[in-house]
Amino acid sequence: MTEAPWMAAAVWMGLALAASLISIRVGISVALIEICVGAVAGNTIGMAPTEWINFLAGFGAILLTFLAGAEIEPEALRNHWKPALCIGFVSFLAPFACAMAAAYFLLHWSAQASMIAGTALSTTSVAVVYAVMLETGLNRKDVGKLILASCFVTDLGTVLALGAMFANYNWWLVLFLGASALVLPFAPHLTHRFLRRYEGQVSEPEIKLMLLMLFALGALAAKANSEAVLPAYILGIVLAGEFRHHKETVYHIRVAVFALLTPFYFLKAGALIRADAIAQGALVIVLLLAVKVGAKFIGVYPTAKAFRMNRRVSMYTTLLMSTGLTFGTISAMFGLTRKFIDSTQYSALVVVVIASAVVPTLIAQRWFLPRLSEEERDGV
């Protein structure tokens, strides 16, 4: 785009507003709508991200990942650690291995492109699953808490794999790991002291402290050729217990992230999708979607049954664990910006990620929703 920065900002924010209104109207996740709106704009008006939009989009991805980690309930992990660990691990490993093998042996992608495919398609969408849990009331039930805990294990495996496979194994990585080892154990205590002392102040110093930690660890991760979302996700998990008692601070962060930053990220993710690549790669998209969902079934369903879930709950769990969105697009974007994949491969992966967020969710809600009484659904 050749317009001045303020005009470009107005166009992008206008698209974000349109996506929000459409999302409210049709009842579909705003992230999905933003990606679709970005794809339409990118292929019609030629909307291309500028350097400052790239920064805002990256900032949004980091904070979104941080919030995803901070949403975890430590009690849910403690109470359901064994099934959550097993289900979450196979939910990551099965599609990671199968998608990577399919991309390498069947599609003849390069080794690095195949690894990006494996990480992008191994994910489970915490955003989609969390929204479904709230809508159905399952977030208050053991099965819902177990599914959410399993999602976090899956996505932790994804971000760790993304960081481990593409990092530069040099002194920058040593420095990054050393800084993480110093910061992360003390972050909850430091955050607790800041929240007790400064929460409620107009200048929000406690949020600035968190941003400082995120930026510093993200900078070191980038120097190590890793991805800044890795320390962001782990820091969010580390601070999750503390944030449970400070909902107002989390609310302030969430408002800033979803109102200003994530629209740039998801609109950019959509704007980079090429319509001609989708048409040319339709068979690739179908294959990768089948591999992702099929691998999730191979891994998750028998594992759920092994923990004595009935058929309906096992199918429901498997379908929700098959969803993908945020970390899938982050992995694909990482591959595109680092030139591990090209725009055609990126377009195919993002379309598969979007489809996996929609199709399994609709099937799960229509045919396999666990039966709850009205009292249970209302939390009585």
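Residues are numbered from 1 along each chain as its sequence is written, and side-chain values use heavy atoms, with hydrogens and water left out. Because the model is predicted, local features need pLDDT of at least 70 and side-chain atom pairs count only at pLDDT 80 or more, while totals for chains, interfaces and linings use all residues.

The structure holds 1 salt bridge. A salt bridge is defined as a side-chain nitrogen of Lys or Arg within 4 Å of a carboxyl oxygen of Asp or Glu. The partners are Arg274 and Asp276, with an N to O distance of 2.8 Å. Arg274 is partly exposed, because its relative accessibility is 29%. Asp276 also counts as partly exposed, at 37%. On this scale, buried means under 20% relative accessible area, exposed means over 50%, and partly exposed lies in between (1.4 Å probe, protein chains only).

Glu34 is buried yet has no salt bridge. Its nearest side chain of opposite charge is that of Lys268, 14 Å away. For charge, Lys and Arg count as positive and Asp and Glu as negative; His and the chain ends are not counted. Glu34 sits in helix α2, residues 30–44. Helices (H or I, at least four residues) are DSSP runs numbered from the N terminus, as are strands (E, at least two). Leaving aside residues up to four places away in sequence, Glu34 touches Ala19, Thr262, Pro263, Phe266 and Leu267. Contact here means heavy atoms within 4.5 Å.

Helix α2 also packs against α1 (residues 5–26). Two packed helices are described by the angle between their axes and the distance between the axes. Axes are lines fitted to C-alpha atoms, for helices over the stretch in contact, and angles run from 0 to 180 degrees between N-to-C directions. The axes of α1 and α2 come within 9 Å and cross at roughly 130 degrees. The two helices are therefore oblique to each other. Angles under 35 degrees count as roughly parallel, over 145 as roughly antiparallel, 65 to 115 as roughly perpendicular and the rest as oblique. The crossing of α1 and α2 is right-handed. A crossing is right-handed if the near helix is turned clockwise from the far one by less than a right angle, and left-handed if anticlockwise. Glu34 belongs to this contact: on the α2 side it is joined by Val30, Ile33, Val37 and Ala41. The α1 side supplies Leu15, Ala19, Ser20, Ile22, Ser23 and Val26.

A second pair is formed by α14 (residues 282–306) and α17, whose axes lie 9 Å apart at an angle of about 50 degrees. That angle makes α14 oblique to α17. The contact involves Val284, Ile285, Leu288, Leu289, Lys292 and Val293 of α14. From α17 come Ala348, Leu349, Val351, Val352, Ala355, Ser356 and Pro360. This crossing is right-handed. Pro360 lies in α17 and is buried, with a relative accessible area of 3%. Apart from residues up to four places away in sequence, Pro360 touches Val293, Leu319, Ser322, Thr323 and Ala355.

Most residues other than glycine have a negative phi. Glu204, not a glycine, has a positive phi of about 50 degrees. Glu204 is found in the loop between α9 (171–198) and α10 (205–223). Its relative accessibility is 19%, so Glu204 counts as buried. Lys339 also has a positive phi, near 65 degrees. Lys339 lies in the loop between α16 (326–337) and α17 (343–367). Lys339 is exposed, with a relative accessible area of 72%.
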